[in-house]
Amino acid sequence: MMDFTEEQVNRYSRHILLQDVGVEGQEKISKGKVLVVGAGGLGAPVAFYLAAAGVGAIGIIDGDVVDLSNLQRQIIHFTEDVGRPKVASAKEKISRLNPDVQVTTYQTLLTAENALEIIRDYDFVVDGTDNFPVKFLINDACVMLKKPFSHGGILRFDGQTLTYVPESACYRCLFHAPPPPNAVPTCSQAGVLGAIAGMLGTIQAAEALKYLTGVGELLTNKLLTFNAKTMDFRTIKTKRSDKCPVCGAHPTITQLIDYEQAACDISDRKKH
Amino acid sequence: MAKITVNGKPQALENPTTLAQLIEQNNIIQPDMVSVQLNEEFIQRENYATTELKDGDEVDFLYFMGGGRG
Ligand SMILES: [Zn+2]
């Protein structure tokens, strides 16, 4: 049993007032540990809302520094942060928003080498990355560790997300392997409406909070997709695939893989 | 004539159609960036050409979304 101070009761009062959450739910949130992979377009709103909610421990992993072109959507970074490591910028904002939160930063890329080690310590993982190699890596590591996570992807005016918990359909059940690198649109071809990142990131943050509190139904065995031009939201039913290479009956992937494919930020950095 | 559902919307097929043909008919410009689900089951890429669609089938094109290549 946690003893909230008067100040904390006040800070979290709108959660505590929620019948489904209450003091008990807020305690679960305050004891929760969430890893946010990527302090970018998705990671920014995710980290902000988890911090505001009082998630006890937030881990942030990102190897990049803030670039001016990030500010169009990565709202946790401000103009004066350009050139600063993203994890340092994010940590500072989280601490200013809510000093209750313990922030751990990893100024590095998630790789086959460090993924299990880092993810192991957390209750829930949020994929806020911008490239397929790491999306598949997060999936495989979480399946192997039986760790729930939220997948998120955005492109142009579209977004998609699913939540994995052990035994539910994983990202590979739907997308067996990364697309061939030459088929993936280049950054300049791709682009994204900044607010889409907020739309999707806040859904992912809500999923993390639902998981921690046990409230409601998660986006498991479902893929939620939306298009901001039409504001059509669609939930596609999915199921675990027997032939899934990582969670199926006869998995062919038994250790983590570092796929090769440059992410936008990496190539941007090389150009500068 | 088979009536199927593609991404939640009804579609009528005049002729016997395979998944590979449906992908073409729906103007999927980059099939590599799409994963196909038939009646909630993942379909392997190599089986698109041999998978015949039948009345009542539900097909979902799931797009890879995850940022770009440099
Ligand atoms: Zn799977």
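Predicted model: local features only at pLDDT ≥ 70, side-chain atom pairs only at ≥ 80, totals over all residues.
Trainee: What makes A:Cys142 count as buried?

Mentor: The word is used for a relative accessible area under 20%, and A:Cys142 has 0%, so the residue counts as buried. A:Cys244 is also buried, because its relative accessible area is 1%, which again falls under the limit of 20%.

Trainee: Why is A:Val36 called buried, and which residues does it touch?

Mentor: A:Val36 has a relative accessible area of 1%, so with a cut-off of 20% it is placed among the buried residues. It belongs to strand β1 of chain A, which runs over residues 33–37. Leaving aside residues up to four places away in sequence, A:Val36 touches A:Gly43, A:Val46, A:Leu50, A:Ile58, A:Gly59, A:Ile60, A:Ile61 and A:Val126. A:Val103 stands 67 residues from A:Val36 in sequence, and the distance between the two C-alpha atoms is 11 Å.

Trainee: What makes helix α4 of chain A largely enclosed by the rest of the structure?

Mentor: The helix covers residues 43–53, and nine of its 11 residues are buried, so the description follows from that count. Among the buried residues of α4(A) are A:Gly43, A:Val46 and A:Leu50, and these three are also touched by A:Val36. Others in the buried set include A:Pro45, A:Phe48 and A:Ala53. Just after the helix, A:Gly54 takes a positive phi of about 85°.

Trainee: How do you know that the radius of gyration of chain A agrees with a compact globule?

Mentor: For 272 residues a compact globule would have a radius of gyration near 19 Å, and chain A has 18 Å, so the two agree. The C-alpha trace of chain A spans about 55 × 45 × 40 Å along its principal axes. This chain has 11 helices and eight strands, and buried residues make up 56% of its 272 residues. Of the contacts in chain A between residues at least 6 apart in sequence, 67% join residues at least 24 apart.

Trainee: Why is chain B called as compact as a globular protein of its length?

Mentor: Chain B is built from one helix and five strands, which follow one another along the sequence as β-β-α-β-β-β. Its radius of gyration is 12 Å, close to the 11 Å that the globule rule gives for 70 residues, and the description therefore holds. Along the principal axes, the C-alpha trace of chain B spans about 45 × 25 × 20 Å, and 44% of the 70 residues count as buried.

Note on methods. Residues numbered from 1 in each chain as written. Chains lettered and ligands numbered in written order. Heavy atoms only, no water. Helix = DSSP H or I, 4+ residues; strand = E, 2+ residues; numbered from the N terminus. Rg over C-alpha atoms; globule rule 2.2 N^0.38 Å. Buried < 20%, exposed > 50% of the residue type's maximum accessible area, 1.4 Å probe, protein only. Contact = heavy atoms within 4.5 Å.
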